[in-house]
Amino acid sequence: MKSISRLLMLVLSAIVLSACAESADNLTMQEVQTRLDQSPEELKSYEIDMALTVLAKDMAKGEQKQVNKGKIQYVDKESPDFHASYVTTTDGQPNDTKAEVYKKAEVVLANENGGKWEDVSGQYTEEELLNVQYEKLIDRLGEVKDELAMKEKDNEYIFTYDGNDQDFYKVFQELFNMSFKGVDSSNIASKLEVKIAKDHMRLKEFNYEAEGKNPTQSVTISVDLNYGKVNEAEEIMLPEVE
């Protein structure tokens, strides 16, 4: 009889705990933003798959595209450590360019195309090195939150923006160090899509596109980021420098 009573108590406890768990469905935009603002506290390490694409179109010369794809592993500390590797493909060039960067504490090492490691500490600002850090993306989304629309899908919330508010553009232009040449840089159109997973209420995808035009040309810069392997990344170890 005691075992049955104990079993009933366990079942009742499970029901109570289930009832107390916060639902991630049917949230307001403010509730989603609040949880998203709290999410960086849970991240000790993570990995980012990234792609930066520049597409130039000219009525006389046609299209030219440059794509920079890479993977970044972050370990968050007061001064975050990271390891990044990139491959850059440019139309009209026969070979891809490969680059790799390590940062640990104040030391930054880099190489290109598998060459010797160079100590480039102090040559880049922290903003340049850490511009796709999760917390920085959350901060920037907070700056433009009043401009965003939201929709709910089965397992995610999606923030979107589509317009040419120049203050909106400047928030991400500064973060990603974007620059436009040959087109009207005073009227840049922006598109943004951000996906937040319901199961952990964290940012999982960030896709931003900026486009500048003139009557015969257009330049589009796209930044696509996917965040994963949360709290699975190993400690960053610097390579040996000859």
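This is a predicted model: local features need pLDDT of at least 70, side-chain atom pairs count only at pLDDT 80 or more; totals for chains, interfaces and linings use all residues.
**Exercise 1.** Work out which strands β2 pairs with, and in which sense.

*Solution.* Start with β1, residues 45–58. It lines up with β2, residues 62–75, in the antiparallel sense, and 14 bridges hold the pairing. To see one spot in that pairing, find Glu47 and look across: Gln73 in β2 stands opposite. Now go to β3, residues 81–90. β2 and β3 also run antiparallel, joined by ten bridges. For a spot here, take Asn68, whose bridge partner in β3 is Thr88.

**Exercise 2.** How many residues lie between the strands in the hairpin of β1 and β2, and how many in the hairpin of β2 and β3?

*Solution.* Follow the chain out of β1: three residues come between β1 and β2 in their hairpin. Then leave β2: the hairpin to β3 goes through five residues.

**Exercise 3.** Trace the pairings of β5, then find which residue takes a positive phi in each of its hairpins.

*Solution.* First, look at β4 (residues 97–104) next to β5 (residues 107–112). They pair in the antiparallel sense over six bridges, and Ala99 sits opposite Glu112 of β5. The hairpin between β4 and β5 has two residues between the strands, and there Ala105 takes a positive phi near 55 degrees.

Next, move on to β6, residues 118–119. β5 pairs with β6 over two bridges, again in the antiparallel sense. Leu109 has Asp119 in β6 as its bridge partner. Five residues lie between the strands of this hairpin, and Asn113 is the one with a positive phi near 55 degrees.

Technical notes
Residues are numbered from 1 along each chain as its sequence is written. Side-chain values use heavy atoms; hydrogens and water are left out. Two strands pair if DSSP finds at least two bridges between them. Helices (H or I, at least four residues) and strands (E, at least two) are DSSP runs, numbered from the N terminus.
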